[in-house]
Amino acid sequence: MDDTPRMPGILRLGMWLSFILAGVCGLVLVLFMAVTAMAPSIPVNGRTMTPAEFYRENWALLGTLALFAVTLGVIGAGLRRERRWVRPWALALAVINAIAGTVSLAGEGASPAEHTWIQVVNLALLVLTWWYLYRKPSVVAYYRGLPGASRES
């Protein structure tokens, strides 16, 4: 009989969502790059740009999409293979999401109220992710039951 504990349902859902969202981010990135590379000019907010100008001004968006695609893929694969290192990766993704949300607002001229609201939501998601991965009894028991896990897991 297999002694490996059963993966909690939300982790299983997270695994599938990670794979799906990694694919979506990757597909959007590839299509975005392909379409803009074929266009001689790209209209943005009433301005016409060359693809090179567009990439130069939107490198943060493209880089964030690539980072999310890779991170989500790694998290999905780690969950699928029942690896313990997934927890810090998932927590790091929540931190990256919080930072990306704050940085994207800075360039958009968001009001102080919008900034505050987004930061509160991101902080709440970060705390909820930490609690679920490191304090929820069923998840802690699952990771403790994985082969090679120490009692402090």
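## Salt bridge, helix face, loops and pocket

Across the whole structure, the search finds one salt bridge, a term that stands for a side-chain nitrogen of Lys or Arg within 4 Å of a carboxyl oxygen of Asp or Glu. The model is predicted, and for this reason local features need pLDDT of at least 70 and side-chain atom pairs count only at pLDDT 80 or more, while totals for chains, interfaces and linings use all residues. Residues are numbered from 1 along each chain as its sequence is written, and side-chain values use heavy atoms, with hydrogens and water left out.

The salt bridge joins R47 and E57, whose closest N and O atoms are 2.8 Å apart. R47 lies in strand 2 (residues 47-49) and E57 in helix 2 (residues 51-57), so the pair ties together parts that are ten residues apart in sequence; helices (H or I, at least four residues) and strands (E, at least two) are DSSP runs, numbered from the N terminus.

N45 is found in the loop between strand 1 (42-44) and strand 2, whereas E82 is found in the loop between helix 3 (59-80) and helix 4 (86-106). The table gives the accessibility of the residues named so far, where buried means under 20% relative accessible area, exposed over 50%, and partly exposed in between (1.4 Å probe, protein chains only).

| Residue | Relative accessible area | Class |
|---|---|---|
| R47 | 41% | partly exposed |
| E57 | 45% | partly exposed |
| N45 | 81% | exposed |
| E82 | 29% | partly exposed |

In helix 6 (residues 137-145), the residues V139, V140, Y142 and Y143 are buried. Seen down the axis of helix 6, its buried residues fall within an arc of 160°, so they line one face of the helix; the arc is that of the directions from the helix axis to the C-beta atoms.

The largest pocket holds about 770 Å³ of space. A pocket is an open set of points on a 1 Å grid over the protein atoms alone, where a 1.4 Å probe fits, with protein on both sides within 12 Å along at least five of seven lines, and lining residues have an atom within 4 Å of a point. Of the 24 residues that line the largest pocket, G14, S18, A90, L93 and T129 are the closest to its centre. Helix 1 (9-38), helix 3, helix 4 and helix 5 (112-134) are the elements that give two or more residues to this lining, and the largest share, eight residues, comes from helix 1.

Methods:
Points joined across faces, edges and corners; volume = space filled by probe spheres on them.
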